[in-house]
Amino acid sequence: MSGRTATNSPTTTDPLASTFGAEAVLDIEPGLLPESATDVGSRVRQSTLRSLLSGSGLVGTVLVAVVVLLAVVGPWLTTFAADQQIDGAYLLPPSSAHWLGTDDLNRDLLTRMLYGIRVDLLIIFIAVPIGAAVGIATGLVTVTHPWSDVIAQRTFDVILAFPALLLGIALTAVLSPGAQTIVIVIAIAEIPIFGRLTRTSVLKVREMPYVEAARVSGATNRHILLRHVLPNSVEALGVQVALSLSLAVFVEGAMSYLGIGVVAPTPSLGSILAAGNGYLETNPWFSLGPLVVISALVLGFYLIAQSISRTRRQ
């Protein structure tokens, strides 16, 4: 009888072992293995937080946060209603009673600006997510169903052939001016951007070794897309969301400035800016408030997108 003690060899439960062999599974480089959903979420949160709290990202975050705070606490900063006409307050200069002065209809400009910020933020925070959701879903469908790719790409070409502002003018001719029309314009303009970005990310990630391993192990296309592809595309999509918010602020302001956006007497930053256009020489403060806020939002979202993109490359 042998003096050696028999040992039980560990059994391999990994489903890939039966296909590639235990050695093949162990030889996969750690960097090529997919992250769990928890790991991806944690990494994205840490990366985003680092982007928002450092360098230009911090400046952008502060700018956007200040504007959002003004929208939240706006009603408590003024004693006037947005469309209230004040006796004897025709184009008054800034004072302790009216911090930004009054307009040509005897209304307090600070009050209208604060309510206008609310309207603008509501529009862009509804329109961009809608456009992103539809674009992402379309991008995924075009990859999983190749027959739809040609149709989607040609549709994207048509939409991208029109600048967002020109698209807004065309849709306003069909629909009536208003906040709903602006939401539709921004959402439509964003669909091809997110659709092509998602398609590109899917085509890139699906060639990774861990995706091929998941496919060989029997994972469905739906599982691969949701488990491996989308989590690894979140950061790229986050950059585009920030850029799209910056563009949406500009589009809303431009449409309202041209009179095809938010309908009076509802205030918006673009309409206030347009109303003050005729008083730039005599009453320059008329347009100062909305101009500063629009610039702060556009610059803030752009700096955030730039910071997130820079963090991704590090």
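Accessible areas here come from the Shrake-Rupley method with a 1.4 Å probe, and for residues only the protein chains shown count as cover. With that noted, I looked up the total: the protein chain exposes about 16900 Å², and carbon and sulfur atoms supply 66% of it.

**Ground rules**

I am working on a predicted model, in which local features need pLDDT of at least 70, side-chain atom pairs count only at pLDDT 80 or more, and totals for chains, interfaces and linings use all residues. Residues are numbered from 1 along each chain as its sequence is written, and side-chain values use heavy atoms, with hydrogens and water left out.

**Confidence**

I checked pLDDT next, which is the predictor's confidence in each residue, from 0 to 100. The mean for the protein chain is 83, and 86% of its residues reach 70 or more. Where does pLDDT stay under 50? I found that stretch at residues 1-33. For residues 1-33 the model has 16 contacts beyond four places in sequence, a contact being heavy atoms within 4.5 Å.

**Overall fold**

I took helices (H or I, at least four residues) and strands (E, at least two) as DSSP runs, numbered from the N terminus. I count 13 helices and zero strands in the protein chain. Reading along the sequence, I get α-α-α-α-α-α-α-α-α-α-α-α-α.

For burial I used these classes: buried is under 20% relative accessible area, exposed is over 50%, and partly exposed is in between (1.4 Å probe, protein chains only). Buried residues make up 43% of the 314 residues in the protein chain. I also looked at contacts between residues at least 6 apart in sequence: 69% of them join residues at least 24 apart.

**Salt bridges**

My criterion is a side-chain nitrogen of Lys or Arg within 4 Å of a carboxyl oxygen of Asp or Glu. The structure holds four of these, and I went through some of them.

One of them pairs Arg107 with Asp103, the closest N and O atoms being 2.9 Å apart. Are these two residues buried or exposed? Arg107 counts as buried because its relative accessibility is 12%. Asp103 is buried as well, with a relative accessible area of 2%.

Next I looked at Arg154 and Asp157, whose side chains meet in a salt bridge at 2.9 Å, N to O. They are three residues apart in helix α6 (residues 149-160), so about one helical turn separates them. Arg154 is partly exposed at a relative accessible area of 46%, and Asp157 is partly exposed at 32%.

Asp157 also forms a salt bridge with Arg196, with the closest N and O atoms 2.4 Å apart. What does this pair tie together? Asp157 lies in helix α6 and Arg196 in helix α8 (residues 179-205), so the pair ties together parts that are 39 residues apart in sequence. Arg196 counts as partly exposed, with 27% relative accessibility. I noted Arg154, Asp157 and Arg196 down as a network, linked by salt bridges.

**Asn106**

I found Asn106 in the loop between α4 (55-77) and α5 (109-144). Asn106 is buried, with a relative accessible area of 17%. Leaving out residues up to four places away in sequence, Asn106 touches Gln84, Gln85, Ile86, Asp87, Gly88, Ala89 and Tyr90.

Tyr115 lies in helix α5 and is partly exposed, with a relative accessible area of 26%. Which residues does Tyr115 touch, not counting those up to four places away in sequence? I listed Pro75, Ala82 and Pro267. I also checked Tyr115 against Val72: they are 43 residues apart along the chain, and their C-alpha atoms are separated by 9.5 Å.

Ile136 lies in helix α5. Beyond four places in sequence, Ile136 touches Phe194, Thr198, Leu230 and Leu237.

**Nonpolar surface patch**

For patches I used residues with over 30% relative accessible area and no salt bridge, joining like charges within 9 Å and nonpolar side chains (Val, Leu, Ile, Met, Phe, Trp, Tyr) within 5 Å. Val158, Phe162, Leu166, Ile169, Tyr257 and Leu258 form a nonpolar patch on the surface, with about 540 Å² of accessible area together. I followed up on Ile169, which lies in helix α7 (residues 164-174). Ile169 counts as partly exposed because its relative accessibility is 41%.
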